Amino acid sequence: MALMLWIFVSIAMFVFIALALRSKSKNQNPRRHFRRAGIAFVTGLALFFMFVAVPSEVEEPVDKTASADEDAEKVTEETTEEEIEEESKEDSEEEEAAAEAEKEKEESIEAEKEASIEAKEESIEKAEAEKEKSIEEAEAKAEAEEEPVEEPVASKEGLIPVSLYRVVDGDTVNVIDDSGQELKLRLLLIDTPETVHPNKPVEPYGKEASARLTELLNAADQLYIEYDSGDKTDHYDRHLVYLYADDVSVHEVLLKEGLARVGYIYEQQRYLSEFRAAEQYAKDRGLGIWSIPGYVNEGGEGFNSEEPEPTSEPATSEPATSEPQQTTEYFQNCTELKKVYPDGVASDHAAYQSKMDRDKDNWACE
């Protein structure tokens, strides 16, 4: 604005001087030119203010307003950005809070599940513990009502190790000693029902006694025999011994389980009282042979078993022949016989020969 006013005044002065010089050169009246120049100057000044100065002054507030609006818009934009940032920050915080709340909820649900599982496991364990306790109480009660059956333990002093060859029946066993010799044993102070006697039928509980003795001997890591005072063998050359499966007396096991009775009593009576007690245990409970009234011959030895009735030969329509019936089977020796009959034969068998029955027990090639 000031620059334009200065330019205008300079132009006016220049025009005024030029007119003055022109008037002087033409010898004209300079006042007239001054008057015209003054009128022109005033008129130009008025026009200047009308078209330049005034609009400039009027436009200045507009510019200020625009500037103010721009500033306001700028402030508004800055405020909006801050608000957006704040809102974004608030939204982020809300999302984090929501995520944290969701995480806490999941952890709470997981904790409830774990607590439920633990409660179930505790319940199961408690039930099992109660069940085991009830079983133990029942077993304890049963043990209290009944004397414990403990297998007798023998001292190894004076015992002779042997190995099993075969079980003949419940009270007769063949073994091999350390020298490789076969020994036929007769168990002292017990008697079991017959299963292989040539003149007697298979008696009740005879097979069970043989099977139980076989089980005891096969399950043992080592077998032992023990001699008593007096004769070491009987008239059949059988060794009179006590037999042990590891540390267990097989005599007492058979007696306590009702598969044998006390019998075969001669001068060897070292464990007679112990065997009587074991026999009484089975007798009081009616086990095995004691479950059959009158079966055990308590007035003597052995058992009261009935002979089987002879069976009549079925009638045949074939005519009788005059040819002799083959009643014997001949083998030159026990080796030949055992190829057909590995366990030997009884005296009533067609293949029996007295020369093959060395121990005279009515069983050849055993």
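User: A pocket is an open set of points on a 1 Å grid over the protein atoms alone, with protein on both sides within 12 Å along at least five of seven lines. What volume does the second largest pocket have?

Analyst: The second largest pocket comes out at about 410 Å³, where volume means the space filled by probe spheres set on the points, which are joined across faces, edges and corners. Before we go on: this is a predicted model, where local features need pLDDT of at least 70 and side-chain atom pairs count only at pLDDT 80 or more, while totals for chains, interfaces and linings use all residues. Residues are numbered from 1 along each chain as its sequence is written, and side-chain values use heavy atoms, with hydrogens and water left out.

User: Got it. Which residues are closest to the centre of that second pocket?

Analyst: E182, K184, R358, D359 and E366 are the closest to its centre, out of 18 residues that line the second largest pocket. Lining residues have an atom within 4 Å of a point.

User: And which elements supply at least two residues of that lining?

Analyst: Strand 3 and helix 6 (334-340) each do. Strand 3 has the largest share of this lining, with three residues. Helices (H or I, at least four residues) and strands (E, at least two) are DSSP runs, numbered from the N terminus.

User: OK, now the largest pocket. What's its volume, roughly?

Analyst: The largest pocket has about 620 Å³. Its lining takes in 29 residues, and D169, R186, E194, H197 and R238 lie nearest its centre.

User: Which strand gives the most to that lining?

Analyst: Strand 1 does, with three residues. Strand 1 (160-169) and strand 3 (182-187) each supply at least two residues there, and strand 3 also lines the second largest pocket.

User: You mentioned R238. Where does R238 sit?

Analyst: R238 is in the loop between strand 5 (223-227) and strand 6 (239-245).

User: Is R238 buried or exposed?

Analyst: R238 is buried, with a relative accessible area of 12%. Buried means under 20% relative accessible area, exposed over 50%, and partly exposed in between (1.4 Å probe, protein chains only).

User: What is R238 in contact with?

Analyst: Leaving aside neighbours within four places in sequence, R238 is in contact (heavy atoms within 4.5 Å) with T172, K184, R186, K232, T233 and Y264. R186 is also among the residues nearest the centre of the largest pocket, and K184 turned up in the second one.

User: Let's do strand 6. Why is it described as largely enclosed?

Analyst: Seven of the seven residues of strand 6 are buried, so the rest of the structure largely encloses it. Both faces are covered, with H239, V241, L243 and A245 buried on one side and L240, Y242 and Y244 buried on the other.

User: Which way does strand 6 run against strand 3?

Analyst: They run parallel, joined by three bridges. Two strands pair if DSSP finds at least two bridges between them. L185 has H239 of strand 6 as its bridge partner.

User: How many bridges pair strand 6 with strand 5?

Analyst: Strand 5 and strand 6 pair over five bridges, in the antiparallel sense. There, I225 stands opposite L243.

User: What about strand 7?

Analyst: Strand 7 (residues 248-249) pairs with strand 6 over two bridges, again in the antiparallel sense, with A245 opposite V248. The hairpin of these strands has two residues between them, and D246 there takes a positive phi near 60°.

User: Switching to strand 2: what does it pair with?

Analyst: Strand 2 (residues 172-176), with four of its five residues buried, is joined to strand 1 by five antiparallel bridges. V173 in strand 2 is the bridge partner of V167, and a hairpin links the two strands through two residues. Strand 2 also pairs with strand 3 over five bridges in the antiparallel sense, and I176 is partnered with E182.

User: Last topic. How many disulfides does the structure hold?

Analyst: One. C334 and C365 form it, with sulfur atoms 2.0 Å apart; the cut-off is a pair of cysteine sulfur atoms within 2.5 Å. The link is left-handed, with -80° about the S-S bond.

User: What does that pair tie together?

Analyst: C334 lies in helix 6 and C365 in the segment after strand 10 (363-364), so the pair ties together parts that are 31 residues apart in sequence. C334 is partly exposed at 25% relative accessibility, whereas C365 is buried at 4%.

Conventions: On a 1 Å grid over the protein atoms alone, a cavity is a set of points where a 1.4 Å probe fits but cannot get out, and a pocket is an open set with protein on both sides within 12 Å along at least five of seven lines; lining residues have an atom within 4 Å of a point.
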